[in-house]
Amino acid sequence: MSETQEQQTEETAKVRGRQRQLVGRVVNDTANPGRAKQTIVVEVIRRYRDPFYGKYVKRSKKYHAHDEREEYRTRDLVEIKACRPRSATKRWQVVRLIDRPQEV
């Protein structure tokens with residue numbers, strides 16, 4: 001891309017606002033045969049305060065994310081961001097690896 005195109009892309013991103021980013025753990029990757037290639041499933045756990053009881057409650061949700069190089073494995077902690085729809089269920093892409101647990 002030329003410099004002017006890059007500048008226009010950066011300006012457009014600023015106008016649109018910041019894209020939504022989440023942090024979660026990979027619960028399923030494409031290492032298993034027969035799975036969708038370049039797709040991982042990321043479970044994001046959020047905590048919120050119950051409005052009636054006032055106690056904190058955990059809720060989890062799974063997101064399908066695009067993994068271009070198929071480098072992320074189960075149990076990795078990753079950051080994902082919203083992107084254009086890539087398939088019927090994929091609306092997220094992996095930004096970076098935060099933590100990879102030690103193999104036992």
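**View 1. Trp92 and its aromatic partner Tyr63, a pair in a predicted model.** Trp92 is buried, with a relative accessible area of 8%, where buried means under 20% relative accessible area, exposed over 50%, and partly exposed in between (1.4 Å probe, protein chains only). Tyr63 is buried as well, its relative accessible area being 12%. The two residues form an edge-to-face aromatic pair, with 5.1 Å from centre to centre and 65° between the planes; rings of Phe, Tyr and Trp (its six-membered ring) pair if their centres lie within 6.5 Å, and planes under 30 degrees apart count as stacked, over 60 as edge-to-face and the rest as tilted. Because Tyr63 lies in strand E3 (residues 56–66) and Trp92 in strand E5 (residues 90–99), the pair ties together parts that are 29 residues apart in sequence. Helices (H or I, at least four residues) and strands (E, at least two) are DSSP runs, numbered from the N terminus.

**View 2. The aromatic pair of Phe52 and Tyr53.** A search of the whole structure finds two aromatic pairs. The rings of Phe52 and Tyr53 have centres 4.8 Å apart and planes at 85°, so this pair is edge-to-face. Phe52 is exposed, with a relative accessible area of 69%, and Tyr53 also counts as exposed, at 65% relative accessibility.

**View 3. Arg47 over the face of Tyr56.** Arg47 lies 5.1 Å from the ring centre of Tyr56; a charge sits over a ring if NZ of Lys or CZ of Arg is within 6 Å of the ring centre and within 35 degrees of the ring normal.

**View 4. Strand E2 and its antiparallel partners E1 and E3.** Strand E1 (residues 21–28) is joined to strand E2 (residues 39–49) by three bridges, and Val26 stands opposite Val42 in E2. Eleven bridges join E2 to E3, and Glu43 has Lys62 in E3 as its bridge partner; two strands pair if DSSP finds at least two bridges between them. In the hairpin of E2 and E3, which has six residues between the strands, Gly54 takes a positive phi near 80°.

**View 5. Confidence along the protein chain.** The mean pLDDT (the predictor's confidence in each residue, from 0 to 100) is 86, and 80% of the residues reach 70 or more.

**Notes to the views.** In this predicted model, local features need pLDDT of at least 70 and side-chain atom pairs count only at pLDDT 80 or more, while totals for chains, interfaces and linings use all residues. Residues are numbered from 1 along each chain as its sequence is written, and side-chain values use heavy atoms, with hydrogens and water left out.
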